[in-house]
Amino acid sequence: MKPAPFVHHGPRTLDEAVAVLGEVGHDGKVLAGGQSLIPVLNMRLAQPAHLVDINRVAGLDTVTVTDSHVRVGATVRHAELEKHDEAYAVLPLLRQALLCVAHPAIRNRGTTVGSIAHADAAGEMPSVLVLTQGVIEVVGPRGRREVAALEFFEGPLQTVLEADELVEAVRFARFAPGTRTAFLESARRSGDYAVAGVGVAVDVSTDSGEAVVTGARAAYVSVTDIPVVVDLTDAVAGQPVSSVWDGVDELVQAGIAPEADIHASSEYRRMLAAELTRRALTRATTEGTA
Amino acid sequence: MTDIDQGTTVDVTVTVNGIAHTRTVEPRRLLSDFIRHDLRLTGTHVGCEHGVCGACTVLVDGKPMRSCLMFAVSAEDMEITTVEGLGTQDAMGPVQQAFVECHGLQCGFCTPGFVTTITAFIEENPDPTSEEAREAISGNLCRCTGYQNICKAVLRAAEINRERATPTEGGDPA
Ligand SMILES: Cc1cc2nc3c(=O)[nH]c(=O)nc-3n(C[C@H](O)[C@H](O)[C@H](O)COP(=O)(O)OP(=O)(O)OC[C@H]3O[C@@H](n4cnc5c(N)ncnc54)[C@H](O)[C@@H]3O)c2cc1C
Ligand code: FES
Ligand code: FES
């Protein structure tokens with residue numbers, strides 16, 4: 001099908017974008033990469049009267065790496081962030097997760113910030129942002145505000161963002177030195193939305209001469225309504241990096257609440273999440289460093 | 001499609017296969033429809049219109065993207081390449097040639113999307129493994145072939161590309 005008619009706004013500056021959103025935001029939508037919004041418009045599940053196309057807004061297309069974070073502007077494509085070597089060097093989790101986001105053709109157009117604003121429970125990057133304890137930079141007619149990732153998501157496809165507000169950028173916080181990460185998921189076809197997925201961050205200390213795990217956290221895809229961080233420290237602390245991580249099951253099961261759908265039952269998703277967590281811990285402790 | 005909107009149309013100039021085309025369209029005109037209806041370049045196919053099948057994939061500044069998930073107004077100043085821009089019957093591009101040699105198509109509905117996707121892929125990865133070849137086409141659906149010959153065509157296309165890049169005496173592309 002085709003979208004219903006709309007008025008297209010193409011602001012060139014952030015001020016213009018904020019002004020036009022202030023006027024039409026309540027009857028309009030921000031258009032970023034369009035890889036989630038345009039399917040919805042094509043199927044006429046939404047018929048906004050205005051689209052505020054931010055693709056030509058100057059200054060939103062940059063990735064900035066600092067000592068504390070990786071800042072990603074609103075029009076940075078998934079593929080650009082995935083291929084950003086400086087970002088990968090300080091936060092490998094970004095590329096590890098982005099390779100699981102859709103197919104290359106979708107990643108070439110879709111934006112990382114857009115997927116966070118969209119807040120799909122099956123999206124990888126909302127969970128990654130939460131796992132890094134990141135921040136969302138919001139701008140609107142009432143000025144700027146910053147929202148901690150854990151407070152941003154309210155439900156599936158629901159965030160604290162007001163209709164006339166725009167996400168200017170997100171900041172993925174860097175982990176402490178010695179933290180190792182991995183991202184794993186299970187999908188029916190490579191690039192499809194995950195049946196379940198997990199990102200892990202594992203703290204490793206080598207103070208005693210041997211590499212020992214001191215803590216671990218996990219964030220999930222497709223098994224929680226909103227991204228949550230499950231602390232696995234109690235089950236893993238003190239163990240050598242070469243362990244098998246059988247003890248994490250209970251903590252994982254308690255931390256998630258998967259829904260059933262045509263692809264998998266709730267029970268199956270639980271088992272999958274636990275198994276993926278074990279494998280991700282193994283991958284992180286044996287391969288990944290940050 | 002006739003204009004049945006509130007009367008708002010815009011002039012849009014999009015460069016397709018090296019030629020700048022200007023048309024007056026509604027902002028809601030999908031790039032896929034701009035290419036097929038307004039420019040009559042029907043090589044680009046439309047299957048699902050929600051990004052899943054890959055039939056509508058075109059190259060945007062050299063990168064594969066879904067033309068059903070872009071508006072023509074957003075493609076202004078961009079260089080679009082469709083399957084028509086990747087070769088002719090007499091002088092086929094490497095991917096087209098490989099599809100012929102490997103029997104990579106049956107009905108051909110999915111083929112334009114595969115050809116554009118694979119063209120960009122072998123630019124980025126000139127000597128892929130068969131596993132990488134499979135991964136590269138995982139975002140495109142084909143209901144006929146069972147994919148095996150398409151995987152072979154990816155590897156063969158990369159090979160043809162390398163052969164053509166090696167300077168020989170004649171340098172005849174076909
Ligand atoms: C076939 C297919 C498979 C996919 N598979 C996956 C997958 O496996 N994992 C995954 O995570 N995603 C997947 N996606 C979605 C993809 O990642 C999108 O790029 C992403 O969800 C949205 O980003 P976008 O830039 O395209 O946003 P848009 O589609 O432009 O916008 C999405 C929503 O967010 C709002 N929005 C966007 N940017 C902003 C902003 N800066 N400020 C305020 N609001 C904003 C829009 O108003 C809209 O409501 C898939 C998409 C397709 C078509
Ligand atoms: S028609 Fe565009 S992906 Fe199917
Ligand atoms: S050849 Fe028929 S769909 Fe691929």
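**Entry 1: the shell around ligand 1**

I began with the residues around ligand 1 and sorted them by class: 18 are nonpolar, 14 polar and three charged. I keep in mind that this is a predicted model. In total I found 35 residues surrounding the ligand, and the closest are Val30(A), Ser36(A), Leu37(A), Thr111(A) and Glu124(A). Ligand 1 itself sits between chains A and B.

Which element gives the largest share of the shell? I looked it up, and H7(A) does, with five residues. In chain A, strand E2 (28-31), helix H7 (112-118) and strand E10 (166-173) each supply at least two residues.

**Entry 2: polar contacts of ligand 1**

Next I checked polar atoms. Thr111(A) places a polar side-chain atom 2.6 Å from an oxygen atom of ligand 1. Leu37(A) uses a polar backbone atom instead, 2.7 Å from an oxygen atom of the ligand. A nitrogen atom of ligand 1 is 2.9 Å from a polar backbone atom of Val167(A). I also noted the cover: on its own the ligand has 960 Å² of accessible area, and the protein covers 94% of that.

**Entry 3: salt bridges**

I then turned to charged pairs, and the count over all chains came to 27 salt bridges.

In chain A, Arg71(A) pairs with Glu137(A), with the closest N and O atoms 2.8 Å apart. Arg71(A) lies in strand E5 (residues 69-73) and Glu137(A) in strand E6 (residues 135-140), so this pair ties together parts that are 66 residues apart in sequence. Glu137(A) is buried, at 9% relative accessible area.

Glu267(A) and Arg270(A) also form a salt bridge, their closest N and O atoms being 3.9 Å apart. The two are three residues apart in helix H12 (residues 266-286) of chain A, which means about one helical turn separates them. Is each one buried or partly exposed? I found Glu267(A) partly exposed at 49%, while Arg270(A) is buried at 18%.

Helix H2 (residues 94-102) holds Glu101(B) and helix H5 (residues 148-165) holds Arg156(B), so the pair links parts 55 residues apart in sequence.

**Entry 4: a buried arginine**

Last, I visited Arg180(A), in strand E11 (residues 179-187) of chain A. Arg180(A) is buried yet has no salt bridge. The nearest side chain of opposite charge belongs to Asp203(A), 9.5 Å away. What lies 2.7 Å from a polar atom of the Arg180(A) side chain? I found the backbone oxygen of Thr285(A) there.

Conventions:
Residues are numbered from 1 along each chain as its sequence is written. Chains are lettered from A and ligands numbered from 1 in the order in which they are written. This is a predicted model: local features need pLDDT of at least 70, side-chain atom pairs count only at pLDDT 80 or more; totals for chains, interfaces and linings use all residues. Side-chain values use heavy atoms; hydrogens and water are left out. Helices (H or I, at least four residues) and strands (E, at least two) are DSSP runs, numbered from the N terminus. Buried means under 20% relative accessible area, exposed over 50%, partly exposed in between (1.4 Å probe, protein chains only). Lys and Arg count as positive and Asp and Glu as negative; His and the chain ends are not counted. A salt bridge is a side-chain nitrogen of Lys or Arg within 4 Å of a carboxyl oxygen of Asp or Glu. A polar contact is a pair of N or O atoms within 3.5 Å; within protein, one must be able to donate a hydrogen and the other to accept it, and residues adjacent in sequence count only if both atoms are side-chain atoms. A residue is near a molecule or strand if one of its heavy atoms lies within 4 Å of it. Accessible areas come from the Shrake-Rupley method with a 1.4 Å probe; for residues, only the protein chains shown count as cover. Ala, Val, Leu, Ile, Met, Phe, Trp, Tyr, Cys and Pro count as nonpolar, Asp, Glu, Lys and Arg as charged, and the others, Gly among them, as polar.
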